[in-house]
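Student: I would like to go through the terms used for this model one by one. Can we set each value against its definition?

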Amino acid sequence: MIINTGQRTDIPAFYPEWFANRLKEGFVCVRNPYNPIQVSRYQLNPEVVDVIGFCSKNPAPFFPYLDLVKDYGQYWFVTITGYDKDIEHNVPDKYKILEDFKYLSSKVGTNAIGWRYDPIFIDEKYTVDFHLNRFEEFAKELDGYTNTVVISFIDIYAKVKRNFPEAKPVTRDERIKLGKEIIEIAKSHNMTVKPCGEGDYLSRFGADCRGCMTVETYEKAIGKRLIVPATQSSRKECACYLHCDIGAYDTCAHLCKYCYANNDFDQVAVNRKMHDPKSPFLIGDYRIDDIIKDVPQKSWVDNQLNIFDFI
């Protein structure tokens with residue numbers, strides 16, 4: 001099966017010790033964000049967990065614990081955008097993250113790491129030309145360290161309106177202009193662009209519009225064929241295979257203005273005070289009224305076939 005860590009928060013950046021402890025103890029408890037007394041308990045064991053998916057803006061705090069995941073399949077997305085502290089308040093220096101990306105790539109391999117340059121928005125400071133210049137600069141740095149770059153354009157969800165009221169949708173003409181040129185830049189640096197939740201309008205320029213975190217992505221990362229159960233994306237535009245996220249909303253302290261996972265920035269500080277690295281839960285601990293369900297788990301690897309037999 002697949003365990004994800006990065007749809008609700010940034011565990012490598014802010015909770016590396018906690019996740020290390022979960023790996024050592026071999027299980028993790030996750031509250032249902034919509035019904036908190038319902039708790040899912042997952043085994044963390046490479047015999048049943050085929051891949052751990054990471055998504056981080058700052059993977060380096062987890063580097064001391066990389067040996068704990070060496071027996072698991074892994075796929076890492078590292079987000080590196082051109083935004084400054086006015087947008088990404090607590091994200092470290094981007095040139096440091098570029099070096100950390102290269103280090104991580106050397107550990108897991110280019111098939112197991114991708115770069116995210118998203119979400120893209122446009123204003124008087126962050127213009128089309130700004131994005132193209134910064135994307136080209138970063139692509140040059142990451143040439144040879146990944147073969148995938150994901151882009152998306154900002155979605156103005158209710159939480160984005162609240163936390164970033166000045167944000168505006170990117171027009172279709174701007175999306176096409178940016179997308180087309182980004183695809184050409186990426187190609188020149190040996191990367192394929194995978195738009196995230198953008199439909200297929202960029203496919204005619206050379207983008208791979210089949211999804212950014214697909215079963216094929218995981219298979220290529222681990223070199224094995226997976227037989228996965230059916231699942232349904234929370235967004236009709238999304239073709240990714242997202243499964244079993246162990247994070248929690250309102251816990252990411254990067255405090256990016258465009259964030260899709262934080263509803264309330266003030267609540268982030270409250271939740272982080274309730275974090276205990278020794279707890280089975282990311283935030284808080286067991287409660288007297290918890291209804292705990294041990295999730296059935298098994299490996300999805302097809303031991304009869306090797307993915308490289310089809311390449």
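Tutor: A hairpin joins β2 to β3 through two residues. The model is predicted, so local features need pLDDT of at least 70 and side-chain atom pairs 80 or more, while totals for chains, interfaces and linings use all residues. Residues are numbered from 1 along each chain as its sequence is written, and side-chain values use heavy atoms, with hydrogens and water left out.

Student: How many bridges pair β5 with β6, and in which sense?

Tutor: Strand β5 (residues 73-79) and β6 pair over four bridges in the parallel sense. In this pairing V78 stands opposite W115 of β6.

Student: In what order do the strands of the open sheet come?

Tutor: Six strands form the open sheet, in the order β1-β4-β5-β6-β7-β8, with parallel pairing. β1 (2-4) and β8 stand at the edges because each has a single partner strand, so one side of each is left without a neighbour in the sheet. From one strand to the next the twist averages 25°, an angle between N-to-C directions on a scale from 0 to 180 degrees, with axes fitted to C-alpha atoms.

Student: Which peptide bond is cis?

Tutor: The bond from D118 to P119 is cis, with omega near -5°. P119 is in strand β6 (residues 113-120).

Student: Why does N190 count as exposed?

Tutor: Buried means under 20% relative accessible area, exposed means over 50%, and partly exposed lies in between (1.4 Å probe, protein chains only). N190 has 53% relative accessibility and so counts as exposed. N190 lies in the loop between α6 (172-188) and β8 (192-195). Its phi is near 65°, a positive value in a residue other than glycine.

Student: Does D250 count as buried or exposed?

Tutor: D250 has 11% relative accessibility, so this residue counts as buried. D250 is in the loop between α7 (215-222) and α8 (265-273), and has a positive phi of about 55° although it is not a glycine.

Student: What does the side chain of N45 reach?

Tutor: The side chain of N45 reaches the backbone nitrogen of E47 at 2.8 Å. A polar contact is a pair of N or O atoms within 3.5 Å; within protein, one must be able to donate a hydrogen and the other to accept it, and residues adjacent in sequence count only if both atoms are side-chain atoms. The N45 to E47 distance of 2.8 Å falls within that limit of 3.5 Å. At 26% relative accessibility, N45 counts as partly exposed.

Student: Which element gives the most to the lining of the second largest pocket?

Tutor: β2 does, with four residues.

Conventions:
Two strands pair if DSSP finds at least two bridges between them.
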